[in-house]
Amino acid sequence: MTFKLLGILDVENIPCARDSVLYGSLGSVVAGLGHFLLTSRIRRSCDVGVGGFILVTLGCWFHCRYNYAKLRIQERMAREGIKNKILYESTHLDPQRKPANGNGGSGVTSSTENPATTH
């Protein structure tokens, strides 16, 4: 059984929707009740509660979706890195593979071949 908010938003299957609605509801109660305790104006407190719901829900939604998108990008980069590691392992394109020629082509001479000591 899926829960649809207003018959449109499938809260159960959309990432971040459930948390955003729950935090928005809590923000609505806190804003409306806080305004009522300060001013004792019922109608205005209901308006503040609705505004609190909208602001908190949207704030939580955008924050959560931003973090969700960052996580998806990191997962995709890791997946591509693993795929490339599998493809290029033990080939000449492998960045971790050491060159096979002599001293590695670095141009550095060993201590036994020091040209300054030869006469």
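Begin by selecting Val29, Leu33, Phe36, Leu37 and Ile42, which together make a nonpolar surface patch of about 510 Å². Patches are built from residues with over 30% relative accessible area and no salt bridge, where like charges are joined within 9 Å and nonpolar side chains (Val, Leu, Ile, Met, Phe, Trp, Tyr) within 5 Å. The accessible areas come from the Shrake-Rupley method with a 1.4 Å probe, and for residues only the protein chains shown count as cover.

Before going on, note that this is a predicted model, in which local features need pLDDT of at least 70 and side-chain atom pairs count only at pLDDT 80 or more, while totals for chains, interfaces and linings use all residues. Residues are numbered from 1 along each chain as its sequence is written, and side-chain values use heavy atoms, with hydrogens and water left out.

**Helix 1**

Which element gives the largest share of the nonpolar patch? Helix 1 does, with four residues, and Leu33 has its place in this helix. Helices (H or I, at least four residues) and strands (E, at least two) are DSSP runs, numbered from the N terminus. Leu33 is partly exposed, with a relative accessible area of 48%; here buried means under 20% relative accessible area, exposed over 50%, and partly exposed in between (1.4 Å probe, protein chains only).

Now select the whole of helix 1, residues 17–39, which has 23 residues and reaches 32 Å from its first C-alpha to its last, close to the 33 Å expected at 1.5 Å a residue. That expected span is 1.5 Å times one less than the number of residues in the helix. The buried residues of helix 1 are Ala17, Ser20, Val21, Gly24, Gly27, Gly32 and His35.

Next select Arg18 and Asp19, which form a salt bridge with their closest N and O atoms 3.6 Å apart. A salt bridge is a side-chain nitrogen of Lys or Arg within 4 Å of a carboxyl oxygen of Asp or Glu, and by this rule the count comes to one. Arg18 counts as exposed at 53% relative accessibility, whereas Asp19 counts as partly exposed at 38%.

Move to Ser40, which lies in the loop between helix 1 and helix 2 and counts as exposed at 54% relative accessibility. Its phi is near 65°, a positive value in a residue other than glycine. Most residues other than glycine have a negative phi, and most peptide bonds are trans.

**The disulfide**

Select Cys16 and Cys64, whose sulfur atoms are 2.0 Å apart and which form a disulfide. A disulfide is defined here as a pair of cysteine sulfur atoms within 2.5 Å, and the structure holds one. Cys16 lies in the loop between strand 2 (9–10) and helix 1, and Cys64 in helix 2 (residues 42–88), so the pair ties together parts that are 48 residues apart in sequence. The torsion about the S-S bond of Cys16 and Cys64 is about -70°, so the disulfide is left-handed.

Are these two cysteines buried or exposed? Cys16 counts as buried at 10% relative accessibility, while Cys64 is partly exposed, with a relative accessible area of 25%. Like Ser40, Cys16 has a positive phi in a residue other than glycine, and for Cys16 the value is near 80°.

**Helix 2 and the annotated spans**

In helix 2, select Thr57, which is buried, with a relative accessible area of 15%. The C-alpha atoms of Thr57 and Leu22 are separated by 8.1 Å, although these residues are 35 residues apart along the chain.

Finally, select residues 21–38 and 50–68, which UniProt lists, in an unreviewed entry, under "transmembrane region". UniProt positions are given in the numbering used here, feature names are shortened, and annotations may be inferred rather than shown by experiment. Residues 21–38 are 100% helix and 0% strand, with end C-alpha atoms 25 Å apart, and residues 50–68 are also 100% helix and 0% strand, with end C-alpha atoms 27 Å apart.

Zooming out, you can follow the pattern β-β-α-α along the sequence, and of the 119 residues of the protein, 13% count as buried.
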